[in-house]
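User: I'm new to reading protein models. Could you walk me through a few features, one at a time?

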Amino acid sequence: MARQLASTIGYRYIDSGAMYRAVTLWAMRHGLMSQGGTPDVVAIEAALPGIKIDFKVDGPRQLTTLNGEVVEDEIRSLEVSNCVSPIAAIPQVRHALVRMQQAMGESKGIVMDGRDIGTVVFPQAEMKVFCDASAERRAERRYKELTDKGEKVTYEEVLDNVRTRDHIDETRDESPLRCADDAVRLDNSAMTIDEQNRWLLDLYNSRIAQLNR
């Protein structure tokens, strides 16, 4: 939804979640995640200056790059999803990526999504939306996305991942997941893609009209 809005209004889209997934993939590749999903915090913190994340546009797609390598498909796997929340809870990882995200937004003209954008990264953003849906509905969507890509997963595995990530992100000490006081809430559990895109574009147009008065 955020990507579609950015494309429609001519802004740059930044997927902050992809950035945490890229760090997670880097840690997994370098053997810094235990079998139980516990990260080697000290080693990951030491490596952060050498981890470069960016985005490149390839036709209609925006691709995440990790040290110049396109990793868009790898970071969307359930294996990475199962490890990303412990990585995202590391304070130094969050500080490093927030600095990157804020630098990307210095010139404005961006749409960014993530779990702490309206509360930590851009608390003064002109428009904030807290988008939610039931865990079951989000799991259905994620399961379809993964199986369409050929991944062998079960709905139950995906639902467990969604619930576990929510719990970790909502209860972590550093930048917990919460709705900003000035955000507009949207529950899109029962909405189609077209319906939610229209809702968001209408909100954007009304906010721009207010700012231009």
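**Reading the features**

Analyst: Let's start inside: Q101 has a relative accessible area of 0%, so Q101 is buried. Buried means under 20% relative accessible area, exposed means over 50%, and partly exposed is in between (1.4 Å probe, protein chains only). Before we go on, this is a predicted model, where local features need pLDDT of at least 70, side-chain atom pairs count only at pLDDT 80 or more, and totals for chains, interfaces and linings use all residues. Residues are numbered from 1 along each chain as its sequence is written, and side-chain values use heavy atoms, with hydrogens and water left out.

User: Where does Q101 lie, and what does Q101 touch, not counting residues up to four places away in sequence?

Analyst: A contact means heavy atoms within 4.5 Å. Leaving out residues up to four places away in sequence, Q101 touches S16, M19, Y20, M112, I117, V121 and F122. Q101 lies in helix α5. Helices (H or I, at least four residues) and strands (E, at least two) are DSSP runs, numbered from the N terminus.

User: How do I check the span of helix α5?

Analyst: The expected span of a helix is 1.5 Å times one less than its number of residues. Helix α5 (residues 91–104) has 14 residues and should therefore span 20 Å, which agrees with its end C-alpha atoms being 20 Å apart. Its buried residues are V93, R94, A96, L97, V98, Q101 and M104.

User: How do I describe two helices packed together, say α2 and α4?

Analyst: Two packed helices are described by the angle between their axes and the distance between the axes. Axes are lines fitted to C-alpha atoms, for helices over the stretch in contact, and angles run from 0 to 180 degrees between N-to-C directions. Here, the axes of α2 (residues 16–29) and α4 (residues 78–88) cross at roughly 105 degrees and come within 8 Å. That is why α2 and α4 are roughly perpendicular to each other. As for the cut-offs, under 35 degrees is roughly parallel, over 145 roughly antiparallel, 65 to 115 roughly perpendicular, and the rest oblique.

User: Which residues of α2 and α4 meet?

Analyst: From α2, Y20, R21, V23, T24, L25, A27 and M28 meet E79, V80, S81, C83, V84, I87 and A88 of α4. By class, this contact has 10 nonpolar, two polar and two charged residues. Ala, Val, Leu, Ile, Met, Phe, Trp, Tyr, Cys and Pro count as nonpolar, Asp, Glu, Lys and Arg as charged, and the others, Gly among them, as polar.

User: How many residues of α4 are buried?

Analyst: Eight of its 11 residues are buried, so α4 is mostly covered. The buried residues of α4 pack against α2, α3 (41–47), α5, α7 (135–148) and α8 (155–171).

User: Is D54 buried, exposed or partly exposed, and what joins the side chains of D54 and R12?

Analyst: D54 counts as partly exposed because its relative accessibility is 36%. D54 is placed in strand β2 (residues 53–58). Its side chain and that of R12 are joined by a polar contact of 3.2 Å. A polar contact is a pair of N or O atoms within 3.5 Å; within protein, one must be able to donate a hydrogen and the other to accept it, and residues adjacent in sequence count only if both atoms are side-chain atoms.

User: What about the phi of N67?

Analyst: N67 is not a glycine, yet has a positive phi of about 50 degrees. You'll find N67 in the loop between β3 (61–66) and β4 (69–70).
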